[in-house]
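Please look through the sequence and the model before reading on.

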Amino acid sequence: MPDYHYGKTSTRRLATANPGLQQVFKLALELGLMDIAIVQGRRGRAEQDRYYAIGKSRVRWPHSKHNVINPLDLASAVDAAPFVNGEISWRKEHCIYLAGVIQACAELLGVPIRWGGNWDMDGEPITDQDFQDLVHYELVNHGKRRVQKDADGDRRPV
Ligand SMILES: [Zn+2]
C-alpha cells in the first residue's frame with residue numbers, strides 16, 4: 001500500500017476540526033487505499049454566506065457544522081476530496097469510493113459521522129436525496145442516529 005501523508009495545507013485545515021474527525025481522517029489516509037486532500041475544516045462567516053448564496057451550502061452562518069461562534073473553536077465538519085494522479089478529483093465515482101473508506105474508519109473508531117451523500121444515514125446513498133455534498137463529513141450526536149432493531153434483533157438504520 002502507498003504511504004500517504006497529508007501536506008501542509010491539509011494538515012492545517014484538519015487541525016481546525018474536532019479531534020474525533022481528525023482521528024477518522026488520519027486512519028483513512030494511513031490505510032493507503034486512496035490519497036486524500038482536506039478541502040476545509042472550519043469556515044468563517046463571509047465564506048459560509050457566499051457558499052449559501054451560490055448553493056454550495058443549504059444554510060447560512062452560523063448553522064453549518066463548519067461554523068463556530070468562537071473563532072478558536074473546532075469545527076464539527078470536514079470537507080475532504082480524493083487526491084488522484086497528483087490532483088484533487090471531484091469525480092463522483094472517486095468521492096463515493098472515498099466515502100466508503102471514511103465511513104468504515106469512523107465506525108471502527110466509534111466516531112459517529114454523517115456523509116453528505118447519505119444525509120438520512122440509511123442503506124441507500126445518493127439515489128434517495130436531491131442535495132449531494134459528496135465531500136462533506138460531519139459529526140452527529142449518537143442520539144440522532146436512527147437505528148432500530150429488526151425482528152431478528154439486528155440493528156439497522158431506518
Ligand atoms: Zn462541508
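Which residue stands opposite Val 84 in strand 3? The residue opposite Val 84 is Glu 87.

## Basis and confidence

The structure is a predicted model, in which local features need pLDDT of at least 70 and side-chain atom pairs count only at pLDDT 80 or more, while totals for chains, interfaces and linings use all residues. Residues are numbered from 1 along each chain as its sequence is written.

The mean pLDDT (the predictor's confidence in each residue, from 0 to 100) is 91 for the protein chain, and 89% of its residues reach 70 or more. Over residues 144-149, however, pLDDT stays under 50. Where pLDDT is low, the predicted coordinates should not be read in detail.

## Overall arrangement

The protein chain holds 4 helices and 7 strands. Helices (H or I, at least four residues) and strands (E, at least two) are DSSP runs, numbered from the N terminus. Their order from the N terminus on is α-α-β-α-β-β-α-β-β-β-β.

Of the chain's 158 residues, 32% count as buried. A residue is buried if 20 or more other C-beta atoms lie within 10 Å of its own, exposed if 12 or fewer, and partly exposed in between, with C-beta atoms placed from the backbone. Two residues are in contact if their C-beta atoms, placed from the backbone, lie within 7 Å. Among contacts between residues at least 6 apart in sequence, 61% join residues at least 24 apart.

Strand 2 (77-84) is mostly covered, with 7 of its 8 residues buried. Two strands pair if DSSP finds at least two bridges between them. Strand 2 pairs with strand 1 in the antiparallel sense over 5 bridges, and Phe 83 in strand 2 has Asp 35 opposite. Strand 5 also pairs with strand 2 in the antiparallel sense, over 3 bridges. In strand 5, His 136 is the bridge partner of Asp 79, and Glu 138 is that of Ala 77.

Strand 3 (residues 87-88) runs antiparallel to strand 2 and is joined to it by 2 bridges. These two strands form a hairpin with 2 residues between them, and Asn 85 in the turn has a positive phi of about 50 degrees. Strand 5 in turn pairs with strand 4, in the antiparallel sense and over 3 bridges; there, Ile 113 stands opposite Leu 139 in strand 5.

## Helix 2

Helix 2 comprises the 12 residues 19-30 and reaches 16 Å from its first C-alpha to its last, close to the 16 Å expected at 1.5 Å a residue. The expected span of a helix is 1.5 Å times one less than its number of residues. Leu 21, Val 24, Phe 25, Ala 28 and Leu 29 are its buried residues. Seen down the axis, they fall within an arc of 125 degrees, so they line one face of helix 2. The arc is that of the directions from the helix axis to the C-beta atoms.

What covers these buried residues includes helix 1, strand 1, strand 2, helix 4, strand 4 and strand 5. Gly 32, which follows helix 2, has a positive phi near 75 degrees.

## Helix 4

The 18 residues of helix 4 should span 26 Å at 1.5 Å a residue, and its end C-alpha atoms are 26 Å apart, which agrees. Its buried residues are Cys 95, Leu 98, Ala 99, Ile 102, Gln 103, Cys 105 and Ala 106. They cover an arc of only 160 degrees around the axis, which puts them on the same side of helix 4. They pack against helix 2, strand 1, strand 2, strand 4 and strand 5. On the other side of helix 4, Glu 93, Glu 107 and Leu 108 are exposed.

## The nonpolar core

A nonpolar core is a set of buried Ala, Val, Leu, Ile, Met, Phe, Trp, Tyr and Cys residues joined through C-beta atoms within 7 Å. The largest has 26 residues, and those with the most contacts inside it are Val 24, Phe 25, Ile 36, Val 78, Ala 80, Ile 102 and Tyr 137. Helix 2, strand 1, strand 2, helix 4 and strand 4 each supply at least two residues of this core, and helix 4 gives the most, with 6 residues.

Beyond its neighbours within four places in sequence, Ile 36 is in contact with Phe 25, Ala 28, Leu 29, Ala 80, Pro 82, Phe 83 and Leu 98. In soluble globular proteins, nonpolar side chains tend to be buried together.
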